[in-house]
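Here is a short briefing on one protein model. Look through the sequence and the 3D view before reading on.

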Amino acid sequence: MGNNGELLISGKDGVYRIKVSGRATFDCAPPLRDLAKTLASEKFDGIKIDLKACEWMDSTFMGVLAMLGLRAKAVGAPMEICAADEQNKSLLAGLGLKKLFIFTENALDEEDSSAEWQTGNQETVKMAEGAQTVLEAHKTLMDVDEENVQKFETVVNLVQQDIDRMNGDNQ
């Protein structure tokens with residue numbers, strides 16, 4: 001599929017800029033999950049996510065955005081969702097995530113020559129890492145809005161069982 005999601009990530013002067021293009025799914029979520037983990041112990045001034053070229057997002061990807069949003073809120077840094085179309089705004093609103101983000105109309109300036117863009121794609125996400133990302137993303141969605149518990153409880157339970165199986169849980 002040519003429209004698989006792609007990420008470009010830049011961190012400069014305490015602000016992280018992320019451009020999302022194509023279909024943003026669990027396949028392209030691990031680099032953002034890693035960023036969220038890094039930011040748990042790092043001071044930063046803001047996160048800007050450009051969704052201008054984003055065609056669609058799945059719940060895992062939105063859960064990882066929520067992780068970033070919660071990290072930003074915890075340190076009092078703004079997290080902007082830039083240039084999202086109505087469909088993507090509605091997807092985020094449907095999961096109760098609007099309260100985590102500031103929505104702005106302007107796309108990130110692609111000519112920002114000072115930004116060092118790095119591609120956030122991994123050729124193949126290891127199955128276990130993918131499952132862990134799905135699990136953490138959906139748990140985050142359930143934490144952010146209790147209406148999501150009903151929507152994702154089954155997903156979380158099934159993914160947890162998969163992870164336990166992959167780890168050969170010897171309980």
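R33 counts as buried, because its relative accessibility is 8% (buried means under 20% relative accessible area, exposed over 50%, partly exposed in between, with a 1.4 Å probe and protein chains only). This is a predicted model: local features need pLDDT of at least 70, side-chain atom pairs count only at pLDDT 80 or more, and totals for chains, interfaces and linings use all residues. Residues are numbered from 1 along each chain as its sequence is written, and side-chain values use heavy atoms, with hydrogens and water left out.

**Around R33**
- R33 lies in helix 1 (helices are DSSP runs of H or I with at least four residues, strands are runs of E with at least two, and both are numbered from the N terminus).
- Leaving aside neighbours within four places in sequence, R33 is in contact with V64, M67, E129, Q132, T133 and E136 (contact means heavy atoms within 4.5 Å).

**The loop at S41**
- S41 is found in the loop between helix 1 (30-39) and strand 3 (46-57).
- S41 is exposed, with a relative accessible area of 70%.
- The C-alpha atoms of S41 and A53 are 30 Å apart, and these residues are 12 apart along the chain.

- An open sheet is formed by 6 strands, in the order 5-4-3-2-1-6, with mixed pairing (two strands pair if DSSP finds at least two bridges between them).
- Strand 5 (102-104) and strand 6 (118-119) stand at the edges, each with a single partner strand, so one side of each has no neighbour in the sheet.
- Strand 3 and strand 4 (residues 79-82) run parallel, joined by 4 bridges.
- I47 stands opposite M79 in strand 4.
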